[in-house]
Amino acid sequence: ITDKSMPNMDGCELRRAIEAFEERNDIPHHKRTPVILITAEHDGFDAVLPKPLRRLDILAAIVSALSS
């Protein structure tokens, strides 16, 4: 779970870094790291959680990301 507005590396940069790492290390797509973004809607993430966060929404996003 990452926030779009983080210091040093935002959520989009983090996603690109994770994807590059997985590609360099030949990690199969079905074993890739799911990334859930906390912000307004954004393409390329496994889930988007709007603020303010609700506990059940977080759990549902985690279960969904790990189930796919």
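Predicted model: local features only at pLDDT ≥ 70, side-chain atom pairs only at ≥ 80, totals over all residues.

Helix 1 comprises residues 11–24, 14 residues in total, and spans 20 Å from its first C-alpha to its last, close to the 20 Å expected at 1.5 Å a residue. At its start, a side-chain oxygen of Asp10 comes within 2.9 Å of the backbone nitrogen of Cys12.

Which residues of helix 1 are buried? They are Gly11, Cys12, Arg15, Ile18 and Glu22. In general, an α-helix has 3.6 residues a turn, so residues three or four places apart point the same way. On the face of helix 1 turned away from the buried side, we find the exposed residues Arg16 and Arg24.

What do the buried residues of helix 1 pack against? Their partners are strand 1 and strand 2, which brings us to the sheet.

The sheet is open and consists of 3 strands in the order 1-2-3, with parallel pairing. Strand 1 (2–3) and strand 3 (47–49) each have a single partner strand and stand at the edges, so one side of each has no neighbour in the sheet. Strand 1 pairs with strand 2, residues 36–38, over 2 bridges in the parallel sense, and Asp3 stands opposite Ile38 in strand 2.

Finally, helix 2, residues 55–67, also packs on the sheet, where helix 2 touches strand 2 and strand 3. The direction of helix 2 makes about 170 degrees with that of strand 3. Thank you for your attention.

Note on methods:
Residues numbered from 1 in each chain as written. Heavy atoms only, no water. Pairing = 2+ DSSP bridges. Helix = DSSP H or I, 4+ residues; strand = E, 2+ residues; numbered from the N terminus. Contact = heavy atoms within 4.5 Å. Axes fitted to C-alpha atoms, helices over the stretch in contact; angles between N-to-C directions. Expected span 1.5 Å × (residues − 1). Buried < 20%, exposed > 50% of the residue type's maximum accessible area, 1.4 Å probe, protein only. Polar contact = N/O pair within 3.5 Å; in protein donor to acceptor, adjacent residues only side chain to side chain.
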